[in-house]
Amino acid sequence: MIQSVSKHWWKNNSKRPTLAVMLSILWILLVAGIAFFWHLGSFSLIDETEPLFAEASRQMYVTGDWITPYFNGETRFDKPALIYWCQAIAYMIFGVNEWAVRLPSAIAALGLIGLAFYTLYYHQAKMDDLQGVYRPFRRWFTAGLGAAVIALNPEMIVWGRAGVSDMLLTGCMASALLCFFQGYSQPAESPVKARWYFAFYVLIGLAILTKGPVGIVLPGLIIFLFLIYLGNFWQVAKEAKVVRGMFVVAAVAIPWYVLVTLQNGWSFIDSFFGLHNVERFTDVVNGHSAPWYFYFAVVALGFAPYSVYLPATMLRIKFWQRKSWISSERCQQLSLFAFCWFIGIFSFFTIAVTKLPSYVLPLMPAAGILIALLWGDLIVNKDEQNVKSVSASASLAPVLLSSPLMQASGWLNVVFVSAIGFAFFKVSSLIGYDPAAPNFPQMLQRSNLPVLGSIIWLAAAVIIAAFVIRRRYLHLICINLLAFTAFMILVLTPALFVSDASRQLPLKQLSQLAARVQQPGEEIVMVGFKKPSVAFYSQRKINYIKSNQQAADYIQNQTESDSVIVLAEPKRFPKMGLQPTDYENLDAKQAYGLIRVKIGEQ
């Protein structure tokens, strides 16, 4: 039904290219709007990482020092400058707020899915040319599906809405890889071939300026695997003018590294290159260790619910048939390129000792491309317009439609989605205790959002099962997309409001209050927790003290002011040797209390 109605529409409208382009742009904006921009600035910054970037960018904006990032009076060399520049520019335009903090990530995600849409459409158009057919519905369906699947998954949504560098890196790196493939697949005489390669080098430079050497190491690894497999490495290196390209990369990336080294010397080199690059790969940093199978779970959940089809997409490629791939046209090799992209990043970070869920974010676009190409092959075009004799590869779709692999994947989809549905009935009890949000599980349970989430996913499981029984495999991805979109709008977003009210909003309000009531020379101290959002929302330097005894000693020895403002859990005040008569209660919200302690009166 979906296919017949859609194809009838395209048959009547495919001769109107302006309308098609406008609808494509609207589709990209709709998908990106739901995934990344909707309620982008409605939630407080989430500790610990997001406020570190936000405050460092605010310091850059306030001080005018666009070379060295600072947080709370100390240099911050975790990441290069591009993310700070983008956020600081957003502050100039929109003011210092959550929307501006997260806007660079959302824009990077939008640009990525737009380029992915174009690449998939171009690929399908070239496939039609080779097969001698004109299939407008398949072109637009594959491109639109790829954009939606890349955007509407947990991993992309989380980092596309976070004011950190991960999505900016993914946007630069993934866009660079897509530009490379566009240049690679263009005919040798095409005037745009060199332009695509130039864009590739510029984006690699920006990726290095976003997160360091990984911005060139990972794309280089992926392209190396792809070209060595095909046996044309030196040929492509020559046509891409790699030596000249490295000068472009250096011109984009190197100046900031030189300037920040001149300002800070060895402290930058040791911190950035030593701790945050080499040691993260060879040793555990900040306790972020995990077993070797960690990223199997991350991809399964982070790319849910479509991850169950990834084995089918990889078997569809038949990567073991190397001679067949070598003899194929370059424009036919997108699925192989996406496969090398996925495997390259997955293997690299599986080997790395330090492991975080965000590290495999750059492989999500490759996973989305693989899924889109699989479903593009599932479209049966009985009314396709023949341009010349159709090649044998046009018969691939009916084979896949009856494939036992697709049926097995469909039933795995049912089991996976059902498991998600049943898990949501118990999600409140599965959430671990967070001292910063002690009431969140109870608040979430009272909202009935877990029940609604269960209903959405269990209903999706039933519908998917019905289509699997009827072998309507084309409909499966649409049900997954609709279920995830409904879940995001009706469950996930309201749950974020509940989480914010319990965890971050109280801290934001107390931080802003502390800044308003702070007296000249009075220090703000946070005890027990090190929450960077306090520095951002108060726009003050915060003295973070870990233990109660250290806080008590510090207050007793304070000589520079008559009082100090303390932000901590109320239960900590007696443990710091403070009696109710020793301090003034300024406010208390959820897990935190804000007091003013008079020096010499405790």
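Me: A crossing of two helices is right-handed if the near helix is turned clockwise from the far one by less than a right angle, and left-handed if anticlockwise. Which kind of crossing do H3 and H4 make here?
Reply: H3 passes H4 in a right-handed crossing. Keep in mind that this is a predicted model.

Me: What numbers describe the packing of two helices in general?
Reply: The angle between the two axes and the distance between them.

Me: What are the angle and the distance for H3 and H4?
Reply: H3 and H4 pack at about 65 degrees, and their axes are 8 Å apart. Angles of 65 to 115 degrees count as roughly perpendicular, so H3 and H4 are roughly perpendicular to each other.

Me: Next, peptide bonds and phi. What do most residues do?
Reply: Most peptide bonds are trans, and most residues other than glycine have a negative phi.

Me: Which peptide bond is cis around Glu 48?
Reply: The one joining Asp 47 and Glu 48, where omega is about 15 degrees. Glu 48 is in the loop between helix H2 (17–37) and H3.

Me: What about the bond from Ala 304 to Pro 305?
Reply: That bond is cis as well, with omega near 0 degrees. Pro 305 lies in the loop between helix H14 (294–302) and helix H15 (310–317).

Me: And phi? What is the value for Asn 72?
Reply: Phi of Asn 72 is near 55 degrees, a positive value in a residue other than glycine. Asn 72 is in the loop between strand S1 (70–71) and strand S2 (74–75).

Me: Is Asn 72 buried or exposed?
Reply: Buried, because its relative accessibility is 13% and the cut-off for buried is under 20%.

Me: What is phi for Gln 590?
Reply: Near 50 degrees, again positive in a residue other than glycine. Gln 590 sits in the loop between S8 and strand S9 (592–598), and at 40% relative accessibility Gln 590 counts as partly exposed.

Me: S8 and S9 came up. What sheet are they in?
Reply: An open sheet of five strands, in the order S6-S5-S7-S9-S8, with mixed pairing.

Me: Which strands are at the edges?
Reply: Strand S6 (542–545) and strand S8 (583–589), each of which pairs on one side only. On average, neighbouring strands of this sheet are turned by 20 degrees against each other, direction ignored.

Me: How do S5 and S7 pair?
Reply: In the parallel sense, over four bridges. Strand S5 runs over residues 523–527 and strand S7 over residues 563–568. Val 525 stands opposite Val 566 in S7.

Me: Now the aromatics. How many aromatic pairs are there?
Reply: The structure has 37 aromatic pairs. In one of them, Phe 200 and Tyr 201 have ring centres 5.0 Å apart and planes at 55 degrees, so the pair is tilted.

Me: Are Phe 200 and Tyr 201 buried or exposed?
Reply: Phe 200 is buried at 8% relative accessibility, and Tyr 201 is buried with a relative accessible area of 5%.

Me: What sort of pair do Phe 349 and Tyr 359 form?
Reply: A tilted one, at 5.2 Å centre to centre and 35 degrees between the planes. Phe 349 is in helix H17 (residues 334–351) and Tyr 359 is in the loop between H17 and helix H18 (364–377), so the pair ties together parts that are ten residues apart in sequence. Phe 349 counts as buried at 9% relative accessibility, and Tyr 359 at 12%.

Me: Which residues do ring pairs link into a cluster?
Reply: Phe 180, Phe 181, Tyr 184, Tyr 197, Phe 200, Tyr 201, Phe 226, Phe 337 and Trp 341.

Me: Where do the charged ends of Arg 76 and Arg 322 sit?
Reply: The charged end of Arg 76 is over the ring of Phe 53, 4.5 Å from its centre. The charged end of Arg 322 is over the ring of Tyr 229, 5.8 Å from its centre.

Me: One more arginine. Where does Arg 135 lie?
Reply: In the loop between strand S3 (133–134) and helix H6 (136–151). Arg 135 counts as buried at 3% relative accessibility. Its C-alpha atom is 8.0 Å from that of Ala 125, ten residues away along the chain.

Key
Residues numbered from 1 in each chain as written. Predicted model: local features only at pLDDT ≥ 70, side-chain atom pairs only at ≥ 80, totals over all residues. Heavy atoms only, no water. Phe/Tyr/Trp six-rings, centres within 6.5 Å; stacked < 30°, edge-to-face > 60°. Buried < 20%, exposed > 50% of the residue type's maximum accessible area, 1.4 Å probe, protein only. Helix = DSSP H or I, 4+ residues; strand = E, 2+ residues; numbered from the N terminus. Lys NZ or Arg CZ within 6 Å of the ring centre and 35° of its normal. Pairing = 2+ DSSP bridges. Axes fitted to C-alpha atoms, helices over the stretch in contact; angles between N-to-C directions. Parallel < 35°, antiparallel > 145°, perpendicular 65-115°, else oblique.
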